[in-house]
Amino acid sequence: MENQINNSIASPPENSNITTVRSLYKVISSGDGDISGLIASDLEWWFHGPRNWHHMMKMLTGKSSPSEFKFEPRSMDAIDDRVIVEGWEGAQVYWVHVWTVKDGVITQFREYFNTWLTVRELKPFNYCVSATTLWQSHPRDLARRSFPGLMLAI
């Protein structure tokens, strides 16, 4: 009897914070479902971008519907208790969402629209500050566009 080797490699389980955020995008894109169990009632929100382009917050508060703006995440990355979601549509629209998740509930939301984002970890080191880049915007379709850039320090 021949030995059979299983060449398939099991993928690691998804980060639980990414699972929470992915669930939120699914509910929002379907237009029917309850997000109250995913988001804290006292959600802290911050926005940077053109005036009145805070599309996700409009959806979270029920002031717009999924037909008005579609969020199709292109990437999701977890850094500690934060999940960074990036998306773009053509050459005119680029967005980054930074969600903070505590015990399976989203407690903070930062919405960046048409803004490059760099996430850096700042640590004190011998009377100065050491900075390490943890994440950086990387929209392939928009590399030649000129957008303002911000740094999120964690």
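**Close-up views of a predicted model**

View 1. Asparagine 114 has a relative accessible area of 11%, so it falls under the 20% limit and counts as buried. In this predicted model, asparagine 114 is found in the loop that runs between strand 5 (105-113) and strand 6 (116-125). Beyond its neighbours within four places in sequence, asparagine 114 is in contact with Trp53, Gln92, Val93, Tyr94, Phe147 and Pro148.

**View 2. The whole chain.** The protein chain contains two helices and eight strands, and along the sequence their pattern reads α-β-α-β-β-β-β-β-β-β. Of its 154 residues, 37% count as buried. Among contacts between residues at least 6 apart in sequence, 56% join residues at least 24 apart. The accessible surface is about 9,700 Å², with 49% of that belonging to carbon and sulfur atoms.

**View 3. The largest nonpolar core.** This core has 25 residues, and Val21, Leu24, Tyr25, Leu60 and Trp99 have the most contacts inside it. At least two residues come from each of helix 1 (16-30), strand 1 (39-48), helix 2 (55-60), strand 3 (82-89), strand 4 (93-102) and strand 5. Helix 1 gives the most, with five residues. In soluble globular proteins, nonpolar side chains tend to be buried together. Leaving aside neighbours within four places in sequence, leucine 60 is in contact with Leu24, Ile28, Ile35, Ile39, Leu43, Trp99 and Phe109. Another core of 13 residues lies apart from the largest one and includes Trp88, Val96, Trp116 and Leu117.

**View 4. Aromatic rings.** The whole structure holds 12 aromatic pairs.

**View 5. A charge over a ring.** Arginine 110 places its charged end over the ring of tryptophan 46, at 5.5 Å from the ring centre.

**View 6. Confidence and the start of the chain.** The mean pLDDT of the protein chain is 86, and 88% of its residues reach 70 or more. Over residues 1-8 the pLDDT is below 50, and this stretch has zero contacts in the model beyond near neighbours in sequence. Where pLDDT is low, the predicted coordinates should not be read in detail.

Terms used: Residues are numbered from 1 along each chain as its sequence is written. This is a predicted model: local features need pLDDT of at least 70, side-chain atom pairs count only at pLDDT 80 or more; totals for chains, interfaces and linings use all residues. Side-chain values use heavy atoms; hydrogens and water are left out. Helices (H or I, at least four residues) and strands (E, at least two) are DSSP runs, numbered from the N terminus. Buried means under 20% relative accessible area, exposed over 50%, partly exposed in between (1.4 Å probe, protein chains only). Contact means heavy atoms within 4.5 Å. A nonpolar core is a set of buried Ala, Val, Leu, Ile, Met, Phe, Trp, Tyr and Cys residues joined through side-chain atoms within 4.5 Å. pLDDT is the predictor's confidence in each residue, from 0 to 100. Accessible areas come from the Shrake-Rupley method with a 1.4 Å probe; for residues, only the protein chains shown count as cover. Rings of Phe, Tyr and Trp (its six-membered ring) pair if their centres lie within 6.5 Å; planes under 30 degrees apart count as stacked, over 60 as edge-to-face and the rest as tilted. A charge sits over a ring if NZ of Lys or CZ of Arg is within 6 Å of the ring centre and within 35 degrees of the ring normal.
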